[in-house]
Amino acid sequence: MTAAINEYDSSYYQVGLRQNQAVAILVVAYNRPEYLKEVIDSLAKNPESSTFPFYFFLDGGPGAKQEENITIIQQSPIVKKEIITRNRNYGCAKNLIDARRFLFDWCQYEKVIVVEDDIILSPHYIRFLLALHQWARKNFNNVGVVQGWSYCFLTREDKKEKLKLVRDSGSYWWSFVSYCLDQEVWQAISPILYEYETSYINKIPWSEEFYKERSKPGLSSFGPDIRAWVKQLIDTHAPIPAKEGQRLKATFDLQAQFAAMNYDITMQDLMTGFALWKAGYVKLETIVNRARHIGKYGVTVDEGLFHLLQHDKITLDHFDVDRTITEFEEV
């Protein structure tokens with residue numbers, strides 16, 4: 001089924017509540033069907049592919065490969081799949097912000113697992129990530145996002161000893177390629193994301209030659225304005241204090257990092273990390289990766305960057321025990 005998301009079809013209003021379905025899987029894609037097929041093949045190996053709703057948000061505009069992506073999705077064994085095609089190029093920033101808005105604000109799902117179109121996942125990824133999220137939200141009052149991806153260069157044998165170990169994401173606070181967050185956290189971070197979208201992203205021209213700027217807003221004429229806005233938010237509004245209770249200790253001084261970056265928080269993934277920080281949350285990740293990057297090219301990445309970030313040196317190993325792990329240990 002294809003939904004006209006830009007019209008916010010009334011049949012999807014509060015569908016999560018009406019169908020008593022707490023979790024939705026969000027997959028975003030643009031023009032890399034060969035990657036999307038690998039991602040979907042990995043998702044289809046998860047048992048939840050038979051029961052959970054999957055929403056595929058396919059960007060449009062120059063270079064888009066919606067028909068190829070639609071064919072791959074429709075031919076997959078995933079049972080409950082909704083395909084949302086953009087009628088023009090939204091770019092990474094708006095596509096992801098609007099997709100989360102649709103699933104949280106409109107559909108009213110309680111939790112959303114976000115998956116980008118260039119990361120393959122383990123066969124127990126969905127169950128494992130939900131267990132990690134439940135454990136983290138139960139034990140810490142400041143964990144906003146959990147992810148099963150990490151920079152892990154361990155051998156399979158070394159990984160076996162560390163399957164339950166977790167930590168805050170530290171210097172990789174900016175990486176948001178696959179993660180789980182819930183309604184409460186979304187409501188805390190979405191105001192900054194919506195202001196970013198309304199004040200800057202929506203003002204980038206819709207004409208075809210600006211498609212890169214819509215994914216990398218720092219390249220647009222609004223780049224300096226976004227940086228000035230971020231600095232003003234940091235200078236005038238301290239992060240919201242965490243609620244009372246146990247906190248996951250942050251190991252990285254993000255405020256110092258923002259300054260060192262000259263407040264260049266212009267891309268949507270960095271903005272998500274910034275919004276989490278402003279709302280008093282941290283991101284938690286596993287020591288052992290349950291996902292692996294495969295994207296060597298795209299609007300925001302190329303083969304040089306792929307190798308520079310050492311994604312080619314990370315292996316993805318599968319562990320059957322991931323089906324049953326419910327307790328974790330902070331490093």
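Start by selecting Glu285 and Arg167, which form a salt bridge with their closest N and O atoms 2.9 Å apart; the term means a side-chain nitrogen of Lys or Arg within 4 Å of a carboxyl oxygen of Asp or Glu. This pair links distant parts of the chain, with Glu285 in strand β9 (residues 282-286) and Arg167 in strand β7 (residues 165-168), 118 residues apart. Helices (H or I, at least four residues) and strands (E, at least two) are DSSP runs, numbered from the N terminus. Glu285 is buried at a relative accessible area of 2%, while Arg167 is partly exposed at 28%. Here buried means under 20% relative accessible area, exposed over 50%, and partly exposed in between, using a 1.4 Å probe and protein chains only.

Before you go on, a word about what is on screen: this is a predicted model, in which local features need pLDDT of at least 70 and side-chain atom pairs count only at pLDDT 80 or more, while totals for chains, interfaces and linings use all residues. Residues are numbered from 1 along each chain as its sequence is written, and side-chain values use heavy atoms, with hydrogens and water left out.

**Stop 1**

The structure holds 17 salt bridges. Select Arg32 and Asp117 for another of them, at 2.6 Å from N to O. Arg32 lies in the loop between β1 (23-29) and α2 (33-44) and Asp117 in the loop between β4 (111-115) and β5 (119-121), so this pair ties together parts that are 85 residues apart in sequence. Arg32 is buried, with a relative accessible area of 9%, and Asp117 is buried too, at 6%.

Now pick Asp98 and Arg86, a salt bridge whose closest N and O atoms are 2.9 Å apart. Asp98 sits in helix α4 (residues 91-106) and Arg86 in the loop between β3 (80-85) and α4, 12 residues apart. Colour by accessibility and you will find Asp98 buried at 5% and Arg86 buried at 3%.

**Stop 2: Asn89**

Stay in the loop between β3 and α4, where you will find Asn89. Asn89 is buried, with a relative accessible area of 4%. Show its side chain and look for a polar atom 3.1 Å from the backbone oxygen of Gly60. Leaving out residues up to four places away in sequence, Asn89 touches several residues, among them Tyr30, Asp59, Trp206 and Arg214; contact here means heavy atoms within 4.5 Å.

**Stop 3: strand β1**

Which residues of β1 cover each face? On one side are Val23, Ile25, Val27 and Ala29, on the other Ala24, Leu26 and Val28, and all are buried. Turn next to the neighbours of β1; two strands pair if DSSP finds at least two bridges between them. Five bridges join β1 to β4, and these strands run parallel. Select Val27 and you will see Val115 of β4 standing opposite. β1 also pairs in the parallel sense with strand β2 (residues 53-58), over five bridges. There, Val28 stands opposite Phe57.

**Stop 4: aromatic rings**

Phe57 is also part of one aromatic cluster, together with Tyr8, Tyr12, Tyr13, Tyr55, Phe102, Trp106 and Tyr109. Rings of Phe, Tyr and Trp (its six-membered ring) pair if their centres lie within 6.5 Å; planes under 30 degrees apart count as stacked, over 60 as edge-to-face and the rest as tilted. The structure holds 26 aromatic pairs. For one of them, select Phe258 and Trp277, an edge-to-face pair at 5.1 Å centre to centre with 80 degrees between the planes. Phe258 belongs to helix α10 (residues 254-260) and Trp277 to helix α11 (residues 268-278), 19 residues apart. Both Phe258 and Trp277 are buried.

Next, look for charges over rings, meaning NZ of Lys or CZ of Arg within 6 Å of the ring centre and within 35 degrees of the ring normal. The charged end of Lys94 sits over the ring of Tyr90, 5.7 Å from its centre. Lys283 lies over the face of Phe176, at 4.9 Å from the ring centre.

**Last stop: Gln187**

Finish in helix α7 (residues 183-199), where Gln187 is found. Is Gln187 buried or partly exposed? Gln187 is partly exposed, with a relative accessible area of 41%.

Methods: A polar contact is a pair of N or O atoms within 3.5 Å; within protein, one must be able to donate a hydrogen and the other to accept it, and residues adjacent in sequence count only if both atoms are side-chain atoms.
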